[in-house]
Amino acid sequence: MSNLTIALAKGRLLDPSIVILESLGYNLDELKTSRKLVIEDRPRGAKFILAKPMDVPIYVEYGAADVGIVGQDALRESEVDVYELLALDYGACRLVVAGKPAYKDAEWRLLAGLRVATKYPRVAKKYFSARGLSAEIIEVYGSVELAPAVGLADLIVDVVDTGGTLRANGLIELDEIFKSHAALIVNRASHTLKVDRVRDLIEKIDSPQRRGERGEKQK
Amino acid sequence: MIAQPLDKQLPHGVADLFFNDAARKRAVERTLAETFTRWGYSEIIPPMFEYYESLAAEAGPQLREEMYRFFDRDGRTLALRADFTIPIARIVGTKLFDRTMPLRFFSVGSVFRYEEPKAGVRREFTQAGIELIGANTMDADAEAIALAMTALRDLGLNDFRFTLGNAAYLQATMRDLGLGDAQLFLLHEALRRKSTPELTRLLDSLKLAATYKNTLAQLPALLGNADVLDRAVCVNDEARVAIEHLRAVLARLAKFGFTDFVTLDLAENRGMAYYTGILFEGFVEGLGFPVVSGGRYDNLIAHFGHNIPAVGFAFGVERVLVALRARGVAKASVAPDVIAATDDYARIEQARAKGQIVEADVLNRDEESLREYARVRGAREIWFRDGRIESVMDRQEGV
């Protein structure tokens, strides 16, 4: 059987992803104990790559990894051409438009020279142009919530989990762009070249029994 | 801010090729052209640009969007060719429609697409492909696929695998759904990404008969070997014909010796482009996207006045090069065989006539400098001024 390379997104998706893969019998101990970014589980013919969430779709699209586990937020932003074979029941969050409470009654739609700070420039651009709004998208790399407070932007587009960070920074949610969760993606070449391994992985992760073991609700 | 002068820069998406990179690209193009020629295909060379109206014929919205457009002095819109299939369809539909069929053409050259700046996307890239025109038989379909597979072998890429689908099956299945364009678009998108969760959610939201829902829901699972054809639900006769057609194409491919190289994929729709029948893509290990893709387009030439069926495919030459480089089998090199300082031109000409690359010294180098130059150039031998021949020690691989 051919080797399978799986790219895992660092951050909040990593631990639950490791739990799933371990429940399938893979050995990822080295990932937890060392600071290596690539580890191998030779007996099971698998290799694991640790990458930033935004990079996982690219690794997969290019074929550097066969399979990836990544949030849909990063997936939509990267606009890659890969297969999303499976939705996983963790990493739930939402991508929203947020701003100061003054913008609540959609006043922001009337704003000329609307400025939007975000880590998701492509998603944001699509959202605003689909509504006929000419927004100036400002790409920032962290602490997006800060932007309205310091006058960098009128609105932000960002992921929210509980909404606590928004509230703490005096912002409210104005619109939901989409709901996101972890997804299992496969590049189009591996999907056919390694069809058996990929199908096997999907079936194991997706089996009702495994989902039950992970405490997920039955589909 | 003062603008950066552009005179030394390159626009996004184009590349300069020289030394071994240029030689390797030409070697791939030559190999493909030779394979196509052996199967009876002759070269066709469409113009680099023509009227946008011709090139936009039957092109999907995405391809239209990506075309480089500009105006001539009379204000008419021109476009750079974005593929070879549409210009060839125009040539056949306007000039060659009454010739004895089939026509077999191959083409090699640059095509241009204005794609969003994204890593790895080239705006000028090279296609090498064929069109088999005037035959809508299973044999024609099988020939197109078998030729693409043979070409991969001739390139030294033996670890390939193809996906094969039939646009007619999907069209027949979707025909009677009564969905609007927006809903169809979402359906195609979910299928394109093989996103079962999204498909399920979408189907839940649509008012459809249960039989249709079940048929659509199982589409992503219609993937694998020939038993997929037995599992496929056919909602009408057209769908049944499409499935039987695939079965026949597979049987013919087996006669070419290509039995275990195909994964059937009935959900494949390639973004609703001009395809009407089989669709196929060839993949090699280590590259996440296809190196070759093609299919049947029976309505395209009709746009230019004559209803003639056709099937074809195109290799992405740059993608082939990436795959070859990853395997270390990119062979072509620009290293010469001999660096010659001698003025024995008869001998030099003799060697050249035998096919050796002999590079003359035009800088009147001394012996030491000749050795260094030959080493850097990757030459095998030095022919010194006094007639001595010396082998080059530890020469480099060339550039």
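**Entry 1. K194(B)**

I then located K194(B) in the loop between helix 7 (181-192) and helix 8 of chain B. Its phi is near 50°, and I noted this as a positive value in a residue other than glycine. Most residues other than glycine have a negative phi. I record here that the model is a predicted one.

**Entry 2. Confidence**

I looked up the scores before going further. The model has an ipTM of 0.77 and a pTM of 0.88. For chain B I read a mean pLDDT of 91, with 96% of its residues at 70 or more. I keep one caution in mind: where pLDDT is low, the predicted coordinates should not be read in detail.

**Entry 3. F19(B)**

I turned to another positive phi in chain B: F19(B) has a value near 50° and is not a glycine. I placed F19(B) in helix 1 of chain B, which covers residues 19-38. Is F19(B) buried or exposed? I counted F19(B) as exposed, since it has 12 C-beta neighbours inside 10 Å and the class takes residues with 12 or fewer.

**Entry 4. Loops of chain B**

I checked the peptide bond between M101(B) and P102(B) and found it cis, with omega about 0°. Most peptide bonds are trans. P102(B) sits in the loop that runs between helix 4 (85-96) and strand 5 (103-112) of chain B.

I next examined T137(B), in the loop between strand 6 (124-133) and helix 5 (138-154) of chain B. T137(B) counts as partly exposed because it has 16 C-beta neighbours inside 10 Å.

**Entry 5. Contact between the chains**

How many residues of chain B are in contact with chain A? I noted 18 residues of chain B, in contact with 15 residues of chain A. On the side of chain B that touches chain A, strand 7 (160-166) and helix 8 (196-205) each supply at least two residues. By class, the residues of this side of chain B divide into 8 polar, 6 nonpolar and 4 charged.

**Entry 6. Chain A overall**

I recorded 10 helices and 11 strands in chain A. Its C-alpha trace spans about 60 × 35 × 30 Å along the principal axes. Chain A has 219 residues, of which 41% count as buried. Among its contacts between residues at least 6 apart in sequence, 65% join residues at least 24 apart.

**Entry 7. The sheet of chain A**

I traced an open sheet of 6 strands in chain A, with the order 2-3-1-4-11-5 and mixed pairing. Which strands stand at the edges? I found strand 2 (38-41) and strand 5 (83-87) of chain A there; each has a single partner strand, so one side of each is left without a neighbour in the sheet. On average, neighbouring strands of this sheet are turned by 25° against each other, direction ignored.

I then followed strand 2 of chain A to its partner, strand 3 (residues 46-51) of chain A. The two run antiparallel and are joined by 4 bridges. Within this region I noted D41(A), which stands opposite A46(A) in strand 3 of chain A.

Key
Residues numbered from 1 in each chain as written. Chains lettered and ligands numbered in written order. Predicted model: local features only at pLDDT ≥ 70, side-chain atom pairs only at ≥ 80, totals over all residues. Pairing = 2+ DSSP bridges. Axes fitted to C-alpha atoms, helices over the stretch in contact; angles between N-to-C directions. Contact = placed C-beta atoms within 7 Å. Nonpolar A, V, L, I, M, F, W, Y, C, P; charged D, E, K, R; others polar. Buried ≥ 20, exposed ≤ 12 C-beta atoms within 10 Å, placed from the backbone. pLDDT = per-residue confidence, 0-100.
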